[in-house]
Structures are given as structure tokens and as C-alpha cells.
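Please consult the sequence and coordinates shown here.

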Amino acid sequence: MIEIFKADECLTSKLTAFSNQFFDEKWSESSFSNEIKKPNSAVFCAFYDNEIVGVACVENQFGDGYLHNIAVDDEYRRQGIAKWLMDKCCEFLLSNGVEKIFLEVRKSNTNALNLYKKCGFETVSIRKGFYANPTEDAYSMVLEMKK
Ligand SMILES: CC(C)(COP(=O)(O)OP(=O)(O)OC[C@H]1O[C@@H](n2cnc3c(N)ncnc32)[C@H](O)[C@@H]1OP(=O)(O)O)[C@@H](O)C(=O)NCCC(=O)NCCS
């Protein structure tokens, strides 16, 4: 059975190893540890049999939400885990008085784009050359949770 929890510090090492499989911009253990400790941030982990199979990290940045990252293990995709993680992120931010969540996504990342559209995000702008290795534009998207 899949379960989702807000991460605590003892998960830092596993979380870093899991997350860095998916993103060009690698986070150090101390970056994760800081996010876990910050009262304005939350890292949610999906578990199956005590193993991390998904992660999402959001932050309340001066009243606006920001999704830093979200990823699900290849073998557990298309089961609604990312949507569930997003719902947890939205609940956390709403309970912090946040009404909007912002994110960037590579233009070519169709899976993530579809996920964000399904969650209600809308594109607000294109950020030219936002990503490196390879260079690519980003869609800037926003979800207005109380709309
Ligand atoms: C994007 C990602 C997180 C989706 O995880 P997931 O658990 O498979 O997503 P869900 O099962 O919750 O899917 C929710 C919706 O997203 C969309 N979606 C997800 N994967 C898709 C795919 N392979 N093809 C098309 N749409 C897809 C669909 O709209 C889906 O709804 P549906 O299944 O009812 O059609 C996952 O593919 C991933 O980890 N990718 C690598 C990391 C990444 O790119 N993260 C985002 C950038 S930070």
C-alpha cells in the first residue's frame, strides 16, 4: 500500500539519493535538511514497503507557494502518486495561508505538463533559456487554489 508522509530529518540521506536520480540540478543533503527544517517548507514522501517511491517539495516564499520539485519512481508511475503528492502540497500551503503556487517546467516535459494541467495549473509566461544541459525554455505556471 502506498502511503504519503511529511518528511523528517532522518530521511534526508534517502531523500537526496532518490531525488537526485531525476533532476539536472542536484540538491545536497544539507539543502534537503534545510527544507525539512524550515517551517515554511514541506517535503512529502510517498512510500511503498518502507522505500521512497515519490517526493515533492514546496515552499511558502513570502506568501506565494513555489514547487521546487516532484518525482515518482519509474515503476510506480501512472498510479496517481504525483497527483496525490500535489494535493498534499496544496493542503500544506493552504493551511499556511497561501493561495497561489508557482512552478517552472521544461517545455519538452510532457508528462509533468500534463500533471500540472490536470492539477489546474495555467501557463503564465515562457522563460527563455531557463534550463541548462540542455538549454531549454521553461513554462512558468501558476495554480490559484481558491479560484
Ligand atoms: C511527472 C511525474 C512526476 C508524474 O508522476 P505520476 O505519479 O506518474 O503521475 P500521476 O499518476 O499522478 O498522473 C497524473 C496525471 O499526470 C499526467 N501524466 C503523468 N504521466 C504521464 C504520461 N506518461 N503521459 C501523459 N500524461 C501523463 C496525466 O494527466 C495523469 O493523469 P491520468 O493518469 O488520469 O491521465 C513523473 O512522470 C516523474 O517523476 N517524472 C520525472 C521527474 C519530473 O520530470 N518531474 C517534474 C519536473 S520537476
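The sections below treat the strands and then the charged side chains of this predicted model.

## Strand β3 and its neighbours

Strand β3 spans residues 51-61 and is mostly covered, with nine of its eleven residues buried. Strand β2 (residues 41-48) runs antiparallel to β3, and eight bridges join the two. Within this pairing, Phe-47 stands opposite Ile-52 of β3. The hairpin of β2 and β3 has two residues between the strands, and Asp-49 adopts a positive phi near 55° there.

Strand β4 (residues 64-72) also pairs with β3 in the antiparallel sense, over eight bridges. Ala-56 has Ile-70 in β4 as its bridge partner. Two residues separate β3 from β4 in their hairpin, where the turn residue Phe-62 has a positive phi of about 55°.

## Salt bridges

The model contains ten salt bridges. One of them links Glu-35 to Lys-38, with the closest N and O atoms 2.9 Å apart. Glu-35 is buried at 7% relative accessibility, whereas Lys-38 is partly exposed at 30%.

Arg-77 and Asp-74 form another salt bridge, their closest N and O atoms being 3.3 Å apart. Arg-77 is partly exposed, with a relative accessible area of 40%, and Asp-74 is exposed at 56%.

In helix α3 (residues 81-95), Asp-87 and Lys-83 lie four residues apart, about one turn of the helix. These residues form a salt bridge whose closest N and O atoms are 3.1 Å apart. Asp-87 is partly exposed at 32% relative accessibility, and Lys-83 is partly exposed at 27%. Elsewhere, salt bridges with shared partners join Asp-24, Arg-106 and Glu-136 into one network.

Methods: Residues are numbered from 1 along each chain as its sequence is written. This is a predicted model: local features need pLDDT of at least 70, side-chain atom pairs count only at pLDDT 80 or more; totals for chains, interfaces and linings use all residues. Side-chain values use heavy atoms; hydrogens and water are left out. Buried means under 20% relative accessible area, exposed over 50%, partly exposed in between (1.4 Å probe, protein chains only). Two strands pair if DSSP finds at least two bridges between them. A salt bridge is a side-chain nitrogen of Lys or Arg within 4 Å of a carboxyl oxygen of Asp or Glu.
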